[in-house]
Amino acid sequence: MRPESSGVQVSAHFLRKRETVNQIAKYVLMAAAAISVLVTVGIVYVLVSEAVVFFEEVSVWEFISGTSWTPLFAVPTFGILPLLSGTIVVSGIALGVSIPLGLTLAVYLSEYAPDKVRETVKPILELLEGVPTVVYGYFALFLVTPLLQIVFPDLPGFNMLAPGLVMGIMILPYTTSLSEDAMRAVPNSIREGAYALGYSRFHTAVKVVIPAAISGITAAFILAMSRAVGETMVVAIAAGQMANFTFNPMEGAATITAFIVQVSMGDVSHGSVAYMSIFAAGLVLFLLTLTFNLIGFFLRKRYRQAY
Amino acid sequence: MSTDQTSTIQISQSAHQGGQAGKPSETREHWYLEPDGALRARVSNLKFWYADGTQAIDDVSMPLVDKKVTALIGPSGCGKSTFLRCFNRMHDLYQGVKYSGSINLLPEDENLIDLDANIVRMRVGMVFQKPNPFPKSIYENVIAGLKIRGIRKREVLDEIVETSLRQAALWDEVKDRLHQPALSMSGGQQQRLCIARALAVKPEILLLDEPTSALDPIATAKVEDLINELSGNVTVLIVTHNMQQAARISNYTAYMYLGKLIEYNDTNDLFQRPKCQRTEDYITGRFG
């Protein structure tokens with residue numbers, strides 16, 4: 001026997017209306033997705049097209065091999081290496097501070113801390129994210145540098161060490177919060193399995209939980225790295241704005257971002273080679289972060305665990 | 001396997017007859033067998049409270065016979081898993097729990113409630129309801145417990161990996177892919193890997209917490225065969241909510257209800273001639 005129908009009549013008009021809403025929703029959502037893609041494509045287009053004009057004036061080889069960057073001098077030179085070295089040193093110090101500190105903190109919050117402590121510490125930590133970067137810059141210049149000068153009397157007022165250290169604290173929320181999330185996502189059954197074998201709390205964290213969460217932890221580090229490379233204000237304020245080809249953190253130097261902000265302030269005429277150079281520098285920055293993100297993407301794919 | 005099944009059928013029939021006769025069971029509230037043979041542990045007046053104050057174990061005393069399989073049965077929520085997890089102090093991972101009474105490991109006669117929890121877990125192994133291999137290779141899973149005991153010699157590890165996997169009846173299936181991820185195996189294989197991982201460190205007692213409840217019937221049969229093989233070599237305490245399973249694989253059975261131990265008996269006797277009315281009601285399906 002066939003079951004009887006419910007008997008509720010659906011009008012053709014109602015079905016048509018429903019279908020129209022469905023269609024409209026689909027296009028609105030597609031448009032939203034398209035805007036984000038188009039903006040990205042637009043930025044890349046501007047960067048590349050302006051950089052091409054720059055490279056008509058300056059050879060690519062001079063750009064990537066030159067050790068002097070003086071676009072604003074009477075006799076300008078356009079070697080990107082000094083900016084790149086500044087960027088690498090400052091970001092390196094920042095990551096050197098942030099990764100060990102962030103991972104330790106994440107292990108503590110995820111594996112040791114009682115719920116109450118975690119619920120207090122985590123929001124405070126995430127508050128660090130909300131501090132304007134200008135504040136961090138002055139913090140580096142007027143507090144950290146003088147303190148460091150007590151230990152290193154020869155340290156100049158503008159140096160890469162202080163902004164590097166401060167930036168390490170600044171990106172701490174990224175390294176800690178995201179790696180802690182990844183560790184907490186490791187199912188409790190795996191933790192209990194480790195304890196049941198006689199693992200101590202520390203061994204469980206280091207030998208079982210961290211390896212199981214490695215894909216999320218990597219993602220956190222990559223994000224922190226991109227953030228450090230792209231950071232502007234702290235270095236522009238506290239590291240000086242003199243391009244300087246050195247890997248010595250005790251010296252002042254400019255990073256790619258610090259140079260871009262300096263030129264964008266407006267004392268360079270529109271359309272000059274110096275003006276164009278910020279697009280070439282911006283392109284290098286873009287490629288740098290793109291590379292990190294790609295590495296992160298593949299590492300994540302490689303180590304992803306499904307539970 | 002077939003003999004096991006007929007014995008199962010006999011169990012329920014004789015139990016029914018016993019119920020009709022109704023003589024010996026009605027009078028007894030509790031009945032505990034004093035088993036022959038060496039003991040591996042003795043539980044005395046064990047009580048356990050969770051952090052919220054609920055008492056999950058109420059005055060349980062029970063022997064655990066050396067190198068035999070003991071099954072814990074009872075309806076959901078009767079405290080059998082809680083009882084099992086007292087043996088390796090798993091509850092200590094969560095704050096605010098309380099024990100009283102003792103679980104003495106024999107022959108040393110040490111109360112494991114008083115020992116350091118990590119030391120207890122080094123001596124008492126456990127396999128869980130859901131397979132929980134580490135996201136590492138099969139080989140690394142088996143040696144996980146050995147490494148933290150400081151055993152690092154390659155030849156020693158290789159040998160223990162082979163014997164443990166053979167004991168867990170997994171060797172032939174995985175010997176050619178020891179270095180592949182454990183999570184690529186089927187659920188049943190993962191569970192046998194977890195058993196191999198627990199056996200690799202030669203535990204004094206092996207706890208099994210409903211080890212087949214997440215497995216299909218074929219995988220379940222394999223794990224049951226494996227537990228039968230372990231009997232005579234390893235002291236096993238297993239929680240199961242499948243009475244047929246308890247009848248098939250255990251030498252001794254304990255029936256728990258509302259945190260209390262009702263009857264502890266030889267498995268055949270418990271299922272064929274239960275001494276307590278409440279045991280009989282449960283195994284004949286009149287209750288639970």
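Modeller: B:Arg152 sits in the loop of chain B that runs between α5 (138-147) and α6 (154-167). The model is a predicted one. With a relative accessibility of 55%, B:Arg152 counts as exposed, because the cut-off for that class is over 50%. B:Arg152 also belongs to a positive surface patch, whose other members are A:Lys207, B:Lys147 and B:Arg154. The patch therefore takes residues from chain A as well as chain B, since residues with over 30% relative accessible area and no salt bridge are joined when their like charges lie within 9 Å.

Now the strands of chain B. Seven strands form an open sheet with mixed pairing, in the order β1-β11-β10-β4-β9-β8-β7. Its edge strands are β1 and β7 (124-127) of chain B, each of which pairs on one side only.

Take the β1 end of the sheet to begin with. Strand β1 of chain B covers residues 31-32, and its pairing with β11(B) is parallel, over 2 bridges. B:Trp31 has B:Glu263 in β11(B) as its bridge partner. Strand β11 of chain B, residues 260-266, is mostly covered, with 5 of its 7 residues buried. Strand β10 of chain B, residues 252-257, runs antiparallel to β11(B), and the two are joined by 6 bridges. Here B:Glu263 in β11(B) stands opposite B:Tyr255. Strands of a sheet pair through backbone hydrogen bonds, in either the parallel or the antiparallel sense.

β10(B) and β11(B) make a hairpin with 2 residues between the strands, and in this hairpin B:Leu258 takes a positive phi near 50 degrees. B:Tyr257 is placed in strand β10 of chain B. B:Tyr257 is partly exposed at 24% relative accessibility, because that value falls between the buried limit, under 20%, and the exposed limit, over 50%. Between B:Tyr257 and B:Val43 there are 214 residues of sequence separation and a C-alpha to C-alpha distance of 17 Å.

B:Met126 is set opposite B:Leu207 in β8(B). β8(B) also pairs with strand β9 of chain B, residues 236-239, again parallel and over 4 bridges. In that pairing B:Leu208 stands opposite B:Ile238 of β9(B).

How well covered is β8(B)? Of its 5 residues, 5 are buried. The cover is on both faces: B:Ile205, B:Leu207 and B:Asp209 are buried on one side, and B:Leu206 and B:Leu208 on the other. In a regular strand the side chains alternate between the two faces of the sheet.

Chain B also has an open sheet of 4 strands with antiparallel pairing, in the order β3-β2-β5-β6. Its edge strands, β3 (55-65) and β6 (110-111) of chain B, each pair on one side only. Strand β2 of chain B, residues 39-49, pairs with β3(B) in the antiparallel sense over 7 bridges. Within this pair B:Leu46 stands opposite B:Val60 in β3(B).

Chain A remains, and here two helices are worth a look. A:Val151 is part of helix α5 of chain A, residues 133-151. A:Val151 has a relative accessible area of 59%, so it is exposed. A:Val151 contributes to a nonpolar surface patch of about 590 Å², together with A:Phe139, A:Leu143, A:Leu147, A:Ile150 and A:Phe152. A:Ala31 is found in helix α1 of chain A, residues 12-57, and is partly exposed, with a relative accessible area of 38%. From A:Ala31 to A:Ala236 the C-alpha separation is 38 Å, for 205 residues along the chain.

Notes:
Residues are numbered from 1 along each chain as its sequence is written. Chains are lettered from A and ligands numbered from 1 in the order in which they are written. This is a predicted model: local features need pLDDT of at least 70, side-chain atom pairs count only at pLDDT 80 or more; totals for chains, interfaces and linings use all residues. Side-chain values use heavy atoms; hydrogens and water are left out. Patches are made of residues with over 30% relative accessible area and no salt bridge: like charges are joined within 9 Å, nonpolar side chains (Val, Leu, Ile, Met, Phe, Trp, Tyr) within 5 Å. Accessible areas come from the Shrake-Rupley method with a 1.4 Å probe; for residues, only the protein chains shown count as cover. A salt bridge is a side-chain nitrogen of Lys or Arg within 4 Å of a carboxyl oxygen of Asp or Glu. Lys and Arg count as positive and Asp and Glu as negative; His and the chain ends are not counted. The place of a charge is taken as NZ of Lys, CZ of Arg, CG of Asp or CD of Glu. Buried means under 20% relative accessible area, exposed over 50%, partly exposed in between (1.4 Å probe, protein chains only). Two strands pair if DSSP finds at least two bridges between them.
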